Amino acid sequence: MSFFSAISSIFGGEKGLGGTILDAVKSYFPPDMPPEKKMEMEMAIKAAADQQQNLIMDKAMEADKAVTDRIAKLEGTAQDLQRIPYLGALIIFLRGCQRPLWGFATLYMDFLWFTLWKLSERQEWALCAINLLVLGFLFGERTIKNLEPLIMKIFGNPAKGK
């Protein structure tokens, strides 16, 4: 889940901050309050919540931009590499083909493992670790979450003493 979707899920939508405040305040409306006044109060609460949500989203975007700018300042950008003749273009190319190269190399090793190779148990464990690292690198957190039950079954859960 990205930072922006987390922030918007807290503050936006029907049950965001505005909806929660509105639900809480509605119970304190006097029973004899005219419907027009109730609607006016609801609109004022929603407007205040929307204004607050916009302010928070602006601050979140500023923070994200600051992090991105800091990373670019510390690590450099592709434009910085383009200034280096020949070597810069080579580095940009190698950086771009890294994910497919690792992915296909792992796929090829898996193919050999299942068809031709006779591996020892230790080599099989090493290949499983390589697969886990490459899949985690290529597909991120989703891989780890999907493989968590299998990892817990194989390695046990140290928190539970297994």
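A crossing is left-handed if the near helix is turned anticlockwise from the far one by less than a right angle, and right-handed if clockwise. The exercises below use a predicted model.

**Exercise 1.** Find which element has the lowest mean pLDDT and which the highest.

*Solution.* Then go element by element. Helix 1 (residues 3–11) is lowest, with a mean of 54. Helix 6 (residues 98–115) is highest, at 90. Where pLDDT is low, the predicted coordinates should not be read in detail.

**Exercise 2.** Describe how helix 6 and helix 7 pack: angle, axes and crossing.

*Solution.* The angle is about 150°, and the axes lie 10 Å apart. Angles over 145 degrees count as roughly antiparallel. Helix 6 and helix 7 are therefore roughly antiparallel. Their crossing is left-handed. Next, the contact. Helix 6 contributes R99, W102, G103, T106, M109, D110 and W113. Helix 7 answers with E124, L127, C128, I130, N131, V134, F137 and L138. By class, this contact has nine nonpolar, three polar and three charged residues.

**Exercise 3.** Work out how helix 7 (residues 121–139) is oriented against helix 8 (residues 141–155).

*Solution.* The two pack at about 155°, with axes 8 Å apart. That angle makes helix 7 roughly antiparallel to helix 8. This crossing is left-handed. On helix 7, the contact residues include W125, L132 and F139; on helix 8, they include I144, L147 and I151. The contact divides into nine nonpolar, two polar and two charged residues.

**Exercise 4.** Locate the bend in helix 8.

*Solution.* Helix 8 bends by about 50° at E148. A proline, P149, follows within four residues. Just after the helix, G156 takes a positive phi of about 80°.

Key: Residues numbered from 1 in each chain as written. Predicted model: local features only at pLDDT ≥ 70, side-chain atom pairs only at ≥ 80, totals over all residues. Heavy atoms only, no water. pLDDT = per-residue confidence, 0-100. Axes fitted to C-alpha atoms, helices over the stretch in contact; angles between N-to-C directions. Parallel < 35°, antiparallel > 145°, perpendicular 65-115°, else oblique. Contact = heavy atoms within 4.5 Å. Nonpolar A, V, L, I, M, F, W, Y, C, P; charged D, E, K, R; others polar. Bend = angle between axes of the 7 residues up to and from the residue.
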